[in-house]
Amino acid sequence: MGVVVLIGAVAGGWLLLRQGGGGEPRPKLSAIGDPREPVRSPVAKAVKLRPISGDQLCAAIPDALRKSMVTDGRYGGRDAATAAATESEKRASCSWSNSKMDVGNGVIGYRHLSISVEAKSSESRDALTYAKERFADDKESAVRRVNVRDGKRVDGKTSGSSFGEIKELQYGDASYSQSSIGHSGLKAVVRVLQGPWLIEIEYGGDNRTGNKYPGGDEVRAAANKVAERIAAEMAKDAGKVKLTGPCAILAARDIEAAFFPAVEGPSVGGNDGRIKQTGCTWNITEAVEHEPGQEYTARGGRLNVHVTDWGGGDSGSAFQFDRDAKKYDRYRAQGGIGNEVSHTTYEPRQQIAGLGDKAFAVISATTDPREPERPPRMELLIKVLAGDRTVEFTFRGTTTGGGIVGADGYQAPAFDPSTAREGLEKLAKSFMSGLQ
């Protein structure tokens, strides 16, 4: 959708903002750093945080409430993700969307509901302190964004997103909401501080027919109901998070046996729309014994497994597998793909026997043309066709070297193709044998 022009015709939209909640999602916490870079300080000690998964967040919303906000349909689905599950950081999310939903009275519209929770601790800040400071900063930013008061836009502009005043709420230790109109229609965002947890609920959308936007009061009330339940869920004593589905097939010990210690994860993501997908990510970094202040590097990287259930038909799994095979052949023939900031080249594709119905492996190297002296980021991909599924296994990182910088025999971390392929094939075979 384009930018909404907020002039006379949508003055009513401004009025919808007068009473409450929403805003833009805050940036997520950064992902794993570049394993090629030296590290000068030890890993920070963790503060114990309760486990939480995306599936648990989804389950915390009664089905009747969720379906009153976003119904199931062909054009959308559920996404559940457990993005971080370390001792010092937890992040999870759940969302539902439907782009062609019957919202009542024959009106078709887009609706989206998302829930996210996160907590983080470090050696310098415990999780409670971090959450309080982050919540205060986010609230201050929300206040600065306000550009609609008493139903009138006060920044002198007639286009771009418009934000209503924040509305204080009573969930958790502290909470507020803010409404906005922008690219994604009218939405309400509720933010809650619950102990060490930062909670964010976003709900809204727009209409294809009838009134352009859903009712502001309706959107805010629905978002508040979800916020109340998630705040209560995060206040409970922790229950165990039990992995199910494809991401439960590989254990940390399996990955460490194929590569090296230590392994964190998996982060888990899934979508149960028309094409069902599941993604699993593990961070693998070798522990390096060192004295405080010593400069060291560690071999390591990221392992991803992505399972896609395509279903049958002419555009099913076999079609998708063959299309990807041709794609990598084409990329190699044309000398790679990229632009002025990133360029990726591909080695010849290699067939793999005894893995699924058929499988291939391809190695890629990504460089930054602006920094030709930097070593490339190497990645090994193994793609498998198995019935109505395709499964992708990727390892990006380094497999040799590392240690105390300057020590006798020190070598910078590097990617060894044979080592990476041996480890990834071993894991692929174990995973495929356990995939039902």
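Is Tyr-328 buried or exposed, and what is its relative accessible area? In this predicted model, Tyr-328 is buried, with a relative accessible area of 11%, a value that falls under the 20% limit used for burial.

Tyr-328 belongs to a set of buried residues in helix 7 that also includes Ser-317, Gln-320, Phe-321, Asp-324, Ala-325 and Tyr-331. These residues cover an arc of only 140 degrees around the axis, which places them on the same side of helix 7. The face turned away from this buried side carries the exposed residues Lys-326 and Ala-333. The buried residues of helix 7 pack against strand 15 (337-338), strand 16 (343-346), strand 18, strand 19 (377-386) and strand 20 (389-397). As to the length of the helix, its 17 residues should span 24 Å at 1.5 Å a residue, and this agrees with the separation of 24 Å between its end C-alpha atoms. Just after helix 7, Gly-335 adopts a positive phi of about 85 degrees.

The structure holds nine aromatic pairs. In one of them, the rings of Phe-321 and Phe-360 have centres 5.3 Å apart and planes at 55 degrees, so the pair is classed as tilted. Because Phe-321 lies in helix 7 (residues 317-333) and Phe-360 in strand 18 (residues 358-367), this pair ties together parts that are 39 residues apart in sequence. Both Phe-321 and Phe-360 are buried. A further pair, formed by Tyr-328 and Tyr-331, is edge-to-face, with 6.3 Å centre to centre and 85 degrees between the planes. Tyr-328 and Tyr-331 are three residues apart in helix 7, and are therefore separated by about one helical turn; Tyr-331, at 18% relative accessibility, also counts as buried. Phe-321, Tyr-328, Tyr-331 and Phe-360 form one aromatic cluster together with Tyr-346.

Charged side chains are also placed over aromatic rings. The charged end of Lys-327 sits over the ring of Tyr-328, 4.8 Å from its centre, while the charged end of Arg-145 sits over the ring of Phe-163, 5.4 Å from its centre.

At 15% relative accessibility, Ala-365 counts as buried, and, leaving aside residues up to four places away in sequence, Ala-365 touches His-343, Thr-344, Thr-345, Pro-376, Arg-377 and Met-378. The C-alpha atoms of Ala-365 and Pro-375, which are ten residues apart along the chain, are separated by 9.3 Å.

How values were computed:
Residues are numbered from 1 along each chain as its sequence is written. This is a predicted model: local features need pLDDT of at least 70, side-chain atom pairs count only at pLDDT 80 or more; totals for chains, interfaces and linings use all residues. Side-chain values use heavy atoms; hydrogens and water are left out. Rings of Phe, Tyr and Trp (its six-membered ring) pair if their centres lie within 6.5 Å; planes under 30 degrees apart count as stacked, over 60 as edge-to-face and the rest as tilted. Helices (H or I, at least four residues) and strands (E, at least two) are DSSP runs, numbered from the N terminus. Buried means under 20% relative accessible area, exposed over 50%, partly exposed in between (1.4 Å probe, protein chains only). A charge sits over a ring if NZ of Lys or CZ of Arg is within 6 Å of the ring centre and within 35 degrees of the ring normal. Contact means heavy atoms within 4.5 Å. The expected span of a helix is 1.5 Å times one less than its number of residues. The arc is that of the directions from the helix axis to the C-beta atoms.
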